[in-house]
Amino acid sequence: MNSETRSCQNCKNDFIIESDDFGFYEKIKVPPPTFCPECRLKRRTAWRNDWHLFKKKDSHTGETIFSLFPEESPVKIYDRDYWWGDDWDPTEYGKGYDFSRPFFEQFKELLDEVPIPSTSMTFVVNCHYCTNANNIKNCYFSRGITYTEDSAYLIWDQASKNCFDSHMTNGCELSYGNVNTINCYKTLFSVDCESCQETILCKDCVGCNSCFGSAGLRNKSYCIFNQQYSREEYLKKVAEFELDSSKKFEEIKKNVYQHWLKYPQKFMRGRQNVQVTGDYIYESKNAKNCYRIRDTENSRFVSNVLSGPVKDCYDYTNWGENAELVYESLIVGLGAYNIKFSLQSWNDVKNLTYCVFCHNSSNLFGCVSLRNKSYCIFNKQYTKEEYEILVPKIIEHMNNMPYIENGIVYKYGEYFPSSLSHFPYQITQAQEFFPLNKKDAKNQGFLWYEVAKPNYQVTLKKENIPDSIKNIDKSILNEVIECTHGGSCGHECTGAFRVIKTELNFLKRMNIFLPRLCPNCRHYERLSLRNSFGLYNRVCMCEKKYSNHEGKCSIEFETSYSPDRPEIVFCEKCYQQEVY
Ligand SMILES: [Zn+2]
Ligand SMILES: [Zn+2]
Ligand SMILES: [Zn+2]
Ligand SMILES: [Zn+2]
């Protein structure tokens with residue numbers, strides 16, 4: 001089939017379905033999408049609460065526990081351990097399919113009735129206030145992490161140890177305040193760095209040791225603002241920056257961020273790729289419009305899937321670890337095959353369609369919270385033969401009697417309507433990438449309701465926090481510290497925060513000032529250091545004034561740097577001539 005331009009059912013903009021895409025849809029037997037890629041991503045990620053935790057009543061014990069789901073959400077939750085146990089049976093909620101009502105209307109009822117686990121985690125040892133995680137140990141207040149140990153305040157980490165306050169980290173150790181760093185050791189406040197040691201406030205550096213405030217360096221040591229120093233000079237000068245002082249740090253940071261802008265950036269981050277577009281892409285092949293992926297092949301519109309192998313997947317967000325033929329799904333992985341329109345389903349799952357929180361299962365259609373089951377529809381058990389007759393009938397019925405909301409028609413092949421989501425839009429990943437206000441979110445069919453916020457009583461006013469970490473002792477552990485933003489910043493500021501013992505020990509050991517912001521505000525600060533989804537067609541900016549080489553290459557590329565950004569953006573070839 002040739003590529004075709006279609007009009008998005010939702011935003012009414014045109015979008016292109018490529019001939020390869022049609023091949024994929026045919027292979028997994030789904031109709032081509034009616035929503036454009038961006039509307040699909042928004043709709044899907046409006047089902048993911050990336051990093052908020054709330055207090056909510058456990059429907060089994062009646063106790064208030066920490067949960068991914070706000071109290072205001074109509075879903076029922078069970079404590080995660082109880083949910084995973086055998087003391088309750090989710091098939092008791094099973095019901096027959098009603099051919100007089102649309103599928104999604106019936107599914108919504110099941111979704112509100114069947115308890116789901118309080119948090120989304122598996123293989124967890126001694127962790128507190130964590131969620132969206134697997135295989136983690138001794139972690140605190142960390143979200144979207146996997147194989148992480150002894151760390152706190154990480155969002156989106158893989159296999160780091162003793163790290164704090166970072167975003168998008170992978171295999172780092174004893175590091176702090178970083179964004180998108182890979183295999184770094186004792187690295188502080190750095191961005192887009194790989195295999196660096198003891199670097200501070202560096203950007204786009206690889207294989208560097210003891211560098212400060214520099215950008216675009218390869219295998220260098222003792223550089224400050226990209227200037228070479230001797231070891232002795234370096235140590236003396238860095239000590240003069242006095243990173244133990246919050247005030248000094250804020251001044252230095254401003255200068256460093258200005259300095260970074262002088263150095264060209266490659267149009268995308270990643271390496272060892274063949275035919276890819278997107279950003280933060282590693283070791284992947286034929287992966288288009290992807291974001292933060294690794295070891296992914298023949299796939300499109302895949303994001304946040306850092307553990308491969310991932311093969312033949314479209315519109316797939318979060319996780320991985322052996323996923324094949326996953327389409328329009330979220331938080332699916334660790335052995336997932338032929339999964340469509342599902343979320344929160346993992347551990348050897350196969351042939352799931354419209355499923356939520358189903359694990360170790362195969363051949364399920366429209367089920368919630370099942371484990372070790374096959375051939376169920378709406379949580380009701382059928383024989384293989386019954387199942388195989390009934391599923392095509394339901395699909396036909398979904399097409400003949402679609403669910404319609406705000407003029408949008410949801411036949412078979414659409415993801416769950418956003419109005420069924422477990423979360424109000426403003427706390428979801430969709431809000432992070434496509435921020436909307438209440439009015440616009442509601443107009444676009446997303447949920448929006450207020451959720452309870454923690455109510456802290458400040459015991460330490462911001463003006464009374466000692467400037468240097470040297471003047472802070474363990475009595476700080478008892479304080480509720482006022483966030484400098486004081487709740488007025490639009491960062492979901494909690495107004496105040498606490499410091500934990502391991503964090504204080506780390507700050508003292510590394511001689512870093514005490515943070516002045518609550519974890520939410522700190523996260524938003526780091527978000528501004530990473531590029532978002534969305535690709536722009538741009539031309540290499542290799543004019544003489546920005547580069548050391550002659551001539552202008554005119555190479556075009558797709559980049560996540562929007563045209564209004566201050567960075568100098570180069571094509572691969574020109575960029576390679578600039579880093580040294
Ligand atoms: Zn659209
Ligand atoms: Zn705050
Ligand atoms: Zn703030
Ligand atoms: Zn160029």
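**Charged pairs and a domain contact**

Guide: Let's start with aspartate 165, which counts as buried because its relative accessibility is 1%, and buried here means under 20%. Keep in mind that this is a predicted model. Aspartate 165 has a salt-bridge partner, arginine 526, with the closest N and O atoms 3.1 Å apart. The two come from distant parts of the chain: aspartate 165 sits in strand β11 and arginine 526 in helix α11 (residues 519-527), 361 residues apart. Arginine 526 is at 9% relative accessibility, so it counts as buried too.

The chain is split into domain 1 (160-266), domain 2 (270-386), domain 3 (462-527) and domain 4 (536-578). Domains 1 and 2 touch through seven residues from domain 1 and seven residues from domain 2. Taken over C-alpha atoms, the centres of domain 1 and domain 2 are 36 Å apart. Between them, about 560 Å² is buried, and carbon and sulfur atoms give 42% of that.

What about charge across this contact? The count between domain 1 and domain 2 is one salt bridge. Its partners are glutamate 194 and arginine 271, at 2.6 Å from N to O. On the domain 1 side, the elements that give two or more residues are β11 (164-170), β12 (179-182) and β13 (191-194). By class, that side has two nonpolar, two polar and three charged residues. Across the interface there are also two residue pairs in polar contact, both at pLDDT 80 or more.

Back to the salt bridge itself: arginine 271 pairs with glutamate 194, and this again links distant parts of the chain, with arginine 271 in strand β17 (residues 270-271) and glutamate 194 in strand β13, 77 residues apart. The two ends don't fall in one burial class. Arginine 271 has 26% relative accessibility, so it counts as partly exposed, while glutamate 194, at 17%, counts as buried.

Arginine 565 is partly exposed, with a relative accessible area of 26%, and glutamate 567 counts as buried at 9% relative accessibility.

Some are joined up: Arg40, Arg43, Arg44, Asp315, Glu328 and Glu414 are linked in a network of salt bridges.

Terms used. Residues numbered from 1 in each chain as written. Chains lettered and ligands numbered in written order. Predicted model: local features only at pLDDT ≥ 70, side-chain atom pairs only at ≥ 80, totals over all residues. Heavy atoms only, no water. Domains from an automatic or database assignment. Contact = heavy atoms within 4.5 Å. Buried area = accessible area lost by both parts, 1.4 Å probe. Salt bridge = Lys/Arg side-chain N within 4 Å of Asp/Glu carboxyl O. Polar contact = N/O pair within 3.5 Å; in protein donor to acceptor, adjacent residues only side chain to side chain. Helix = DSSP H or I, 4+ residues; strand = E, 2+ residues; numbered from the N terminus. Nonpolar A, V, L, I, M, F, W, Y, C, P; charged D, E, K, R; others polar. Buried < 20%, exposed > 50% of the residue type's maximum accessible area, 1.4 Å probe, protein only.
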